[in-house]
Amino acid sequence: MFTLSELARAVNAELIGDGECRIDSVATLNNAKTGAISFLANPSFRSSLSSTAASAVIISDAERDNVVTNALIVEDPYVAYAKIATLLHPHTNTETGIHASAVVSPQAKIDASAWVGPMCVIEAGVEIGANTFIGPGCVVGENSKIGCDGRLIANVTVCHETLIGDRVILHPGAVLGSDGFGLANDHGKWIKIPQVGRVVIGDDVEIGASTTIDRGAIEDTVIEEGVKIDNLVQVAHNVRIGAHTVLAGQVGIAGSATIGKYCALGGKVGVVGHLDITDNVTITGRSMVAQSITESGVYSSGMPVD
């Protein structure tokens, strides 16, 4: 629980009203009750400002004359809401140690403040950093390294020699470091090519449920810092994704493609292998990228329904 003054300082907001008002939760404008804080980011919901039961609302300066309760005035209400929601609903690792049912190699190094949950398997040479949570059913392959303050929520598979930075979140069923689709055709017979690269994940990355990221064929597959990946995404071998890029559900990126920094790929976007997408590119949903993109901007293909 925080006072409204404390929240105002946390998001650098102008406070209107009672700074001692206590806030314990977040809620929508229409469903908020006493103690909750809500926000207005879409003007189409402006009419709800006058009827909300929220103890406080987060608004832009343009809405200051429309509020009837306590308010925080900020440049971007949605960003401020995200920060306040994180303060009110923190993810903390309340358990430490190793569950009795986990199988942990004696050659693994696990910080005393970390938690390894039920039915996990931690192989030789693994390193797990401070305050990292390894949820039930996770497998961490040999010589992999996981940084501090991470969360593998449940049934996550981290294959051998994968490197994961600090504050990384891996949702249930994510697979990092599986073999890429590397095959050579020998007179009609497919021969598997050993995949000898790694997966390298930067700090503050989040990877959605049942997403797969293949290890490199020779060099590494790299996901840079701050990247956010939705559920059911396929990232093939030797792909590189630049810092702070976001990928929506069911995106598929073929091998050796490079995605720049601060890009956004909508749902079901497909990216052909061995091409480059520069920084600050947005690809709208269900588009197919079949050639390199060298200029920042918004790109679309397919037949959208209006």
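Trainee: Which residues line the second largest pocket, and what makes them lining residues?

Mentor: The second largest pocket is lined by T28, L29, N30, S38, F39, L40, A41, N42, F45 and S48. Lining residues have an atom within 4 Å of a point of the pocket, which is an open set on a 1 Å grid over the protein atoms alone, with protein on both sides within 12 Å along at least five of seven lines. This is a predicted model, in which local features need pLDDT of at least 70 and side-chain atom pairs count only at pLDDT 80 or more, while totals for chains, interfaces and linings use all residues. Residues are numbered from 1 along each chain as its sequence is written, and side-chain values use heavy atoms, with hydrogens and water left out.

Trainee: How many charged residues does the lining of the second largest pocket have?

Mentor: That lining has no charged residues, but five nonpolar and five polar ones. Asp, Glu, Lys and Arg count as charged; Ala, Val, Leu, Ile, Met, Phe, Trp, Tyr, Cys and Pro count as nonpolar; the others, Gly among them, are polar.

Trainee: What is the volume of the largest pocket, and which residues are closest to its centre?

Mentor: The largest pocket has a volume of about 590 Å³, the volume being the space filled by probe spheres set on the grid points. Of its 16 lining residues, T86, H91, R151, I169 and E206 are the closest to the centre. By class, this lining has four nonpolar, six polar and six charged residues.

Trainee: What makes β37 and β39 a pair of strands?

Mentor: Strands are DSSP runs (E, at least two residues), numbered from the N terminus, and two of them pair if DSSP finds at least two bridges between them. Three bridges join β37 (residues 281-283) to β39, and the two run parallel; I283 stands opposite Y299 in β39.

Technical notes
Helices (H or I, at least four residues) and strands (E, at least two) are DSSP runs, numbered from the N terminus. On a 1 Å grid over the protein atoms alone, a cavity is a set of points where a 1.4 Å probe fits but cannot get out, and a pocket is an open set with protein on both sides within 12 Å along at least five of seven lines; lining residues have an atom within 4 Å of a point.
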